[in-house]
Amino acid sequence: MRGFLASSVGVTCAAALALPLTLPATPAKAGPSTLRSEVAAPGSTQSLPLVPLTRKRSLGPAAPTQGLARRNVRPFSLVGVVWDDPGSELNGRVQVRTRAAATGDWSDWQDVEAHNDEHAADPDTAESASSRVHGSTAPLWVGNSDGVEVRVEAERAARDAGEASEPEDDAGYGPEDRRAAASLPGGLRLELVDPGGDPPSRDARTAGRTGSAPSGLRAKSVRPGGHAGVTDGVGAKSTVIPALSREETARTYSSDGTAQRRTAPYIGPRPRIITRHGWGANENLRERGFLYTKTVKAAFVHHTASGNKYTCSQVPSIIRSIYRYHVVSSGWRDIGYNFLVDKCGNIYEGRAGGVAKAVMGAHTRGFNTNSMGIAVIGTFGATKPTDAALKAVSRLTAWKLGLYGANPRGKTYLKSAGGNLYRKGKNVRLNVISGHRDGFATECPGRLLYGKLGSARTTAARYQGR
């Protein structure tokens, strides 16, 4: 993994569609949002340009930095840093301090995962060439805050090539410092995201726990291996897609409404899923169209790298913040993951287009076709995922992979669209349930989550009745 940080992001660049983009080419500036689609929408984004920070000579060879001194800002809950060119890497360390709105206390310095390119749109797609897309760090959830301080420090290696014989400038920077400063990408900006208030309906965590589908909400038929016509039958304002038993699931998604094994083999029970409406998605932010692939042959598991300091009641706000950061700040067309899972085992709909359909995401650069992405909310390089989160991943994959005839304990082939592990066009043999690092050189989904994927495969297969 490049840079100072050990963990990697699970934040994605969204799937491309050759459709006109409606958002402006630059993030919203500090102050009221400039997006016409957000006139009545909750939430906001403050975008603050970073500036060079004067280096004291007593610090010796300390790298020059860009950042912002402590300042008061409008309330926000999530932070990230973006820059102009998505093809440029931020080879350095990003740290922030924030002031809690409730207490006025300042946090310690917190690292923000700088390397996010493994989540960019696949090469040679319309989205990757869009002028709206920017380079970006992973987002970091900090909770309700009203003060911020940030510093971005170039890697030491970037200034080792400097010539010490050249004089310092008036600010006290030598040539090696100027080389390091030049290694930081241009147009660095701090993004402060306010997720807005919770949606009016707060039943997303309590509705639909009986495990039976409401009357009249029978899903349309689907043959294993296909996606056309698949729907879960709930209305646009539904907050929850309820859980079904394995038998109900088999009948619901079989071609003839029966539970015959020949029509619906090895489909796990549908888990309870909180919809986009349930977590309060502002549908005016995202691109309007959807892109579907032929099938779902594999699931890639990620972590969001947004930190573990959250309660499960905060998760709708976290997802709204990540969604806004992806679309407004990074210029992506929608949140990149197909699903998200929290530490309490709740499952959330991610990218729009239908939870049962083969919606193309942008979770794993090079392998977004015929796959789905599941992000466990948190950072798992040094923290273990909860049993509830792992069970949710197993239940979700047993159901969704089962709809398309995939064995969670099996192997499959996906064709690479290009990345840092596999050349474009190469057929790669992967586990049906893989970690992000299996398709791209990254630490994601974190060492301790990655190590649990074997048991997740076994449990998912058991839910399918294998």
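Predicted model: local features only at pLDDT ≥ 70, side-chain atom pairs only at ≥ 80, totals over all residues.
1. A detail to start with: Val96 sits across from Val150 of E7.

2. How buried is strand E7? Of its 15 residues (140-154), 11 are buried, so the strand is largely enclosed by the rest of the structure.

3. Over to the cysteines. The structure has 1 disulfide, and it links Cys312 with Cys344 at an S to S distance of 2.1 Å. The link between Cys312 and Cys344 is right-handed, with 100 degrees about the S-S bond. Cys312 comes from the loop between strand E11 (298-303) and helix H4 (315-329), while Cys344 is in the loop between strands E12 (339-341) and E13 (347-349), so the bond ties together parts that are 32 residues apart in sequence.

4. Buried or exposed, what about those two partners? Cys312 has a relative accessible area of 12%, so it counts as buried, the cut-off being under 20%. Cys344, at 47%, is partly exposed.

5. One further cysteine to check while you have the model open: Cys444 is buried, with 0% relative accessibility.

Methods: Residues numbered from 1 in each chain as written. Heavy atoms only, no water. Buried < 20%, exposed > 50% of the residue type's maximum accessible area, 1.4 Å probe, protein only. Helix = DSSP H or I, 4+ residues; strand = E, 2+ residues; numbered from the N terminus. Pairing = 2+ DSSP bridges. Disulfide = S-S within 2.5 Å.
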